Amino acid sequence: MIKKIFKVKGMKCQYCKTNIETAVKKIEDVSNAEVDLEKGSLTIEYDESVIVSNKQIKEAVEGVGRFEIIL
């Protein structure tokens with residue numbers, strides 16, 4: 001399992017957390033996505049036999065609100 005952690009700006013509430021996690025989990029092959037509001041981070045997990053691009057993650061996060069992901 002590969003785990004990546006990204007900084008995300010603009011998250012303020014449980015609604016933001018839920019929207020981002022839901023959007024990222026819709027990416028094919030992503031097994032888990034978890035937002036930590038206190039740290040301002042997004043952690044994703046996926047199998048090492050597949051490739052999940054940073055572009056896919058960025059599009060998912062920025063597509064659900066006024067968030068900025070730091071790649």
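This is a friendly dialogue about reading a few features of one predicted model.

Colleague: What should I know before I start?

Modeller: The model is predicted, so local features need pLDDT of at least 70 and side-chain atom pairs count only at pLDDT 80 or more, while totals for chains, interfaces and linings use all residues. Residues are numbered from 1 along each chain as its sequence is written, and side-chain values use heavy atoms, with hydrogens and water left out.

Colleague: How do I read a nonpolar core, and which residues have the most contacts inside the largest one?

Modeller: In soluble globular proteins, nonpolar side chains tend to be buried together. A nonpolar core is a set of buried Ala, Val, Leu, Ile, Met, Phe, Trp, Tyr and Cys residues joined through side-chain atoms within 4.5 Å. Buried means under 20% relative accessible area, exposed over 50%, and partly exposed in between (1.4 Å probe, protein chains only). Here the largest core has 20 residues, and those with the most contacts inside it are Val8, Ile20, Val24, Leu42, Ile44, Ile57 and Val61.

Colleague: Which elements give two or more residues to this core?

Modeller: They are strand 1 (2–9), helix 1 (14–25), strand 2 (30–36), strand 3 (41–46) and helix 2 (54–62). Helix 1 gives the most, with four residues. Helices (H or I, at least four residues) and strands (E, at least two) are DSSP runs, numbered from the N terminus.

Colleague: Where do the buried residues of helix 1 sit around its axis?

Modeller: The buried residues are Cys16, Lys17, Ile20, Glu21, Ala23 and Val24. They cover an arc of only 165 degrees, so they lie on the same side of helix 1; the arc is that of the directions from the helix axis to the C-beta atoms. On the other side, Gln14 and Tyr15 are exposed.
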